[in-house]
Amino acid sequence: MADEFDVLIVGAGPVGASLGCALGDTGLRVGILEATSWDGTSPPSYDDRPLALSLGTRQILDSLELWSGIAAQATPIQHIHVSERGRFGVTRIGAEEQDVDALGYVLSARALGAVLRKRLEALPSIPRICPARATHIHREDNALTVEYVLDGRQQSCRTKLLVAADGGQSSVRELLGIGVRKRPYGQMALAANVTPSRPHDNVAYERFSPSGPLALLPMAKNHCGLVWTMGEEQAQAYAQLPEAEFLHCLAQQFGSRLGKFRQVGKRVAYPLALLRAERQVCERAAILGNAAHTLHPVAGQGFNLGLRDVAALAQVLVDGLANGEDPGSTELLEQYAAWRHSDQRQTSFFTDGLIRVFCNDLPLLSPLRGLALLGMDLAGPLKARLARQAMGLTGKLPRLARGLAL
Ligand SMILES: Cc1cc2nc3c(=O)[nH]c(=O)nc-3n(C[C@H](O)[C@H](O)[C@H](O)COP(=O)(O)OP(=O)(O)OC[C@H]3O[C@@H](n4cnc5c(N)ncnc54)[C@H](O)[C@@H]3O)c2cc1C
């Protein structure tokens with residue numbers, strides 16, 4: 001007899017795992033199918049990359065009672081400093097002027113993953129099917145049957161709703177026949193921890209140059225999470241450079257605001273592309289997280305956006321359950337997709353726009369960029385609006401993002 005679920009989540013990365021945590025105690029029968037083994041190597045995205053969590057994300061995690069496990073490892077961002085290499089014009093955003101305790105928080109994806117996985121382990125009502133990969137999907141009248149390989153054997157389960165949270169290369173999206181619009185940036189993001197000689201003072205730096213943006217995010221023990229975008233060949237070469245040479249190149253690009261860079265940890269280079277699934281929902285299925293929209297990490301929005309999708313989908317499902325509705329019904333899925341459309345479009349447009357405007361060497365644009373940065377520094381309302389959007393505090397917020405129970 002195959003397992004029966006109301007919601008089967010494929011992918012236990014940060015987005016799929018968060019949805020599992022959100023739906024854990026709702027009365028819905030939820031299962032998680034993950035390609036990597038639970039106890040062995042953790043999923044590839046729970047690595048040391050620094051994640052900037054927006055204020056909205058903090059609120060959602062708090063409502064899910066996950067923040068207390070995260071807080072001790074998360075470093076608050078008190079100021080954001082945006083500049084352009086070799087140009088005048090700087091924008092500074094401060095927590096105090098925005099009337100918030102912090103503009104966001106930084107921690108490693110590994111630390112976030114550990115908290116999410118621990119919560120899932122404490123939810124025996126959610127079976128974890130892993131390491132397993134979905135291989136076929138069959139449509140039936142009132143459910144989907146998902147076939148997967150587990151322990152070398154073909155097995156299957158039935159679900160009323162299938163959620164594809166299996167990352168940018170989503171094979172479930174493909175099995176569902178949903179196409180993507182994808183534009184590779186022809187660049188890679190080199191991520192690592194670096195240690196500066198001066199205290200970071202909880203400032204997050206974003207520095208633009210024609211070759212790509214460089215972010216330094218404040219982390220615990222005066223480490224900074226580096227995310228440095230550059231051409232693919234250069235990224236691969238920089239990942240291999242001897243430490244001293246690498247730190248020298250970094251200092252040349254970033255300048256001396258943080259003193260000297262003393263140490264760098266493991267360097268990992270990630271290929272970058274802008275991706276959007278052509279549909280966010282289809283019959284009895286929803287696409288979430290990187291599978292639905294993969295963004296440039298320039299503004300640190302990928303997971304934050306995915307978590308807002310999680311909070312909205314969970315709310316739609318729980319309200320549907322209260323009204324006795326089928327969790328895979330077209331009405332519920334359309335309701336979810338319509339709700340999330342505008343935020344997904346705006347966030348994608350915003351991050352892509354930053355790269356188009358700030359990371360090119362068109363001579364006409366260059367002085368305008370300096371003026372834009374300077375203008376934004378002076379224009380309080382515009383800066384406040386952008387800051388609130390980046391903090392995930394605009395638009396129709398789900399209950400979890402307003403500090404309410406699901
Ligand atoms: C350098 C860098 C810095 C970043 N910084 C930030 C930041 O500051 N803030 C922010 O919000 N975001 C940031 N991001 C983006 C963030 O990491 C992603 O948005 C997030 O990891 C997406 O999570 P996900 O769960 O959708 O997908 P993934 O993390 O890709 O997880 C997918 C999961 O699905 C599993 N899987 C894959 N295929 C299958 C299959 N067929 N069957 C079953 N399981 C499968 C995988 O093993 C994995 O566990 C950054 C990204 C990079 C590269």
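Here is a short chat about how some features of this predicted model get their labels.

Me: What should I know about the ground rules?
Reply: This is a predicted model, so local features need pLDDT of at least 70 and side-chain atom pairs count only at pLDDT 80 or more, while totals for chains, interfaces and linings use all residues. Residues are numbered from 1 along each chain as its sequence is written, and side-chain values use heavy atoms, with hydrogens and water left out.

Me: How do you know that α1 and α4 are in contact?
Reply: Contact means heavy atoms within 4.5 Å. P14, A17, S18, G20 and C21 in α1 meet L112, L116, R119 and L120 in α4. The helices themselves, α1 (residues 14–23) and α4 (residues 109–121), are DSSP runs (H or I, at least four residues; strands are E, at least two), numbered from the N terminus.

Me: What makes the angle between α1 and α4 about 35°?
Reply: Axes are lines fitted to C-alpha atoms, for helices over the stretch in contact, and angles run from 0 to 180 degrees between N-to-C directions. On that scale α1 and α4 pack at about 35°, with their axes 9 Å apart.

Me: Why is the way α1 passes α4 called a left-handed crossing?
Reply: The label applies if the near helix is turned anticlockwise from the far one by less than a right angle; clockwise would be right-handed. α1 passes α4 in the left-handed way.

Me: Which residues come nearest to the ligand?
Reply: E34, S45, R49, A52 and F303 do, out of 32 residues around the ligand; a residue is near if one of its heavy atoms lies within 4 Å. Elements that each supply at least two residues of this shell are α1, β3 (50–54), β9 (132–139) and α8 (302–322).

Me: Where does D99 lie, and what is its phi?
Reply: D99 sits in the loop between β6 (90–94) and β7 (104–108), with a positive phi of about 60° although it is not a glycine.
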